[in-house]
Amino acid sequence: MSQLVAIVGRPNVGKSTLFNRLTRSRTAIVDDTAGTTRDRQYGRVDWNGRDFSIVDTGGWVVNSDDIFESEINKQVHLAIEQADVILFAVDAMNGVTDLDDHVAEILRKSRKPVILVANKVDSSDWLYNVPEFYSLGLGEPYPVSAVNGFGTGDLLDEVVKKLPETDSEEEELDDIPKFAIVGRPNAGKSSIVNAFISEERNIVTDIAGTTRDSIYTRYNKFGFDFYLVDTAGIRKKTKVNEDIEYYSVIRSIRAIEAADVCILMIDATRGIESQDVSIFSLIQRNKKGLVVCVNKWDLVKDKSEVAIKYFRDTIRNRFAPFTDFPIIFGSALTKQRIYKVLETAVEVYRNRKKTIPTSQLNTVMLEAIAAYPPPANKGKYVKIKYVTMLKGAPIPTFIFFCNLPQWVKEPYRRYLENKIRENWDFTGTPINVFMREK
């Protein structure tokens, strides 16, 4: 289930560097200038078999000349509100400041699990400054260096300890598909939810998920039976003074992680925007099924086949390299094709659960491998002898057994994936291709 960790603190304590270290990426911009981080960054962390989402926030400031101060502070408050665990980053080189005291007071009031991270312990000399942070009243400070990785393993161990365990209630829902409707603000999420449930309403129950704001709404009419993974961000209007775009991303993280299939709403009148790509990336990172619904199609003047093809091609180009997903043009307002959206989501869910007999797999795939074998590397030839599909995996997973798995590179894995998709319908769902030594 959805688990979210937020990094907060005053400016220039190394929050973005820590984010990059924990996510093993360079997503967040790092600079010595305070206030560099304004747009929120979010990513995934995998540690000892546990994975969770993490969000980087801007530095908390008060009474500054920065015109973005109030917006940054609102977003920090949102991150604190939504997070399961908070990493409070402080600077071991500079010691405790008034701003640190101010942030600590906010965190104490939040009653959330807080881990105090004394960053910038880039050498052993700075360890002597760490005990000073006990004065913040947030427990033991963890000395780390986001630059060279010192202490980050111990820090992640503590994060995993504090993350909430998966509720047994979640297991009871596994046999029924869970669909999340996500997208940027004003793409029509609320409208399509209302179109689904407002008329001939036959909802069995609303079940609160293990995450505070995820709601499972049982939908069982017109031959469908699934849980609509809804969030407070979809069902209720956010407050006027909240940062709507950031709020939607946080809510999307929650909804995406709780779902089997995500219905990504795109506004036909505005086309593909960066926020759509960001939410698509979240769906991909979490390896969820995908149906793209181009909403507000009733407002588009040119509905010719050429226009539809252009729109489809544009979406697939922006979302490449994963392009095997359905795209439906409809309107939540007029209810045009909205039930086609549900039918397609059910098909994608079935594709995620599909299994291919081993004998059938080997007949087709070994022939494709013989026609185009893996490239030789340093005079060594890779021989793939056997393929099977892993049972019980959350997404379709294929294991290819060969003599030199380390020499099979990503382009050839994509070739194998494409051959699988050509021969069996896995539309809308990501698949895993692994090489193992025989």
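Tutor: Helices (H or I, at least four residues) and strands (E, at least two) are DSSP runs, numbered from the N terminus. Axes are lines fitted to C-alpha atoms, for helices over the stretch in contact, and angles run from 0 to 180 degrees between N-to-C directions. Contact means heavy atoms within 4.5 Å.

This is a predicted model, in which local features need pLDDT of at least 70 and side-chain atom pairs count only at pLDDT 80 or more, while totals for chains, interfaces and linings use all residues. Residues are numbered from 1 along each chain as its sequence is written, and side-chain values use heavy atoms, with hydrogens and water left out.

Two strands pair if DSSP finds at least two bridges between them. Strands of a sheet pair through backbone hydrogen bonds, either parallel or antiparallel.

Within strand β15 (residues 397–402) lies Ile 399. Ile 399 counts as buried because its relative accessibility is 8%; buried means under 20% relative accessible area, exposed over 50%, and partly exposed in between (1.4 Å probe, protein chains only). Apart from neighbours within four places in sequence, Ile 399 is in contact with Tyr 386, Val 387, Thr 388, Phe 434 and Arg 436. For Thr 388, the separation from Ile 399 is 11 residues in sequence and 5.4 Å in space, C-alpha to C-alpha.

Strand β1 (residues 4–8) and β3 pair in the parallel sense over four bridges, and Ala 6 stands opposite Val 55 in β3. Strand β3 (residues 50–56) is mostly covered, with six of its seven residues buried.

Two packed helices are described by the angle between their axes and the distance between the axes. Helix α1 (residues 15–23) packs on helix α4 (residues 152–162) at an angle of about 80 degrees, with the axes 11 Å apart. α1 and α4 are therefore roughly perpendicular to each other; angles under 35 degrees count as roughly parallel, over 145 as roughly antiparallel, 65 to 115 as roughly perpendicular and the rest as oblique. On the α1 side, Leu 18, Arg 21 and Leu 22 meet Thr 152, Leu 155 and Leu 156 in α4. By class, this contact of α1 with α4 has four nonpolar, one polar and one charged residues. Here Ala, Val, Leu, Ile, Met, Phe, Trp, Tyr, Cys and Pro count as nonpolar, Asp, Glu, Lys and Arg as charged, and the others, Gly among them, as polar.

For helix α6 (residues 189–197) and helix α11 (residues 338–353), the axes come within 10 Å and cross at roughly 90 degrees. α6 and α11 are therefore roughly perpendicular to each other. Ile 192, Ala 195 and Phe 196 of α6 make the contact with Ile 338, Tyr 339 and Leu 342 of α11. The residues of this contact of α6 with α11 divide into six nonpolar, no polar and no charged.

Some backbone details in the loops remain. The peptide bond from Ala 320 to Pro 321 is cis, with omega near 15 degrees, and Pro 321 sits in the loop between α10 (305–319) and β13 (327–329). Arg 111 has phi near 60 degrees, a positive value in a residue other than glycine. Arg 111 belongs to the loop between α3 (98–110) and β5 (114–119), and is exposed, with a relative accessible area of 77%.
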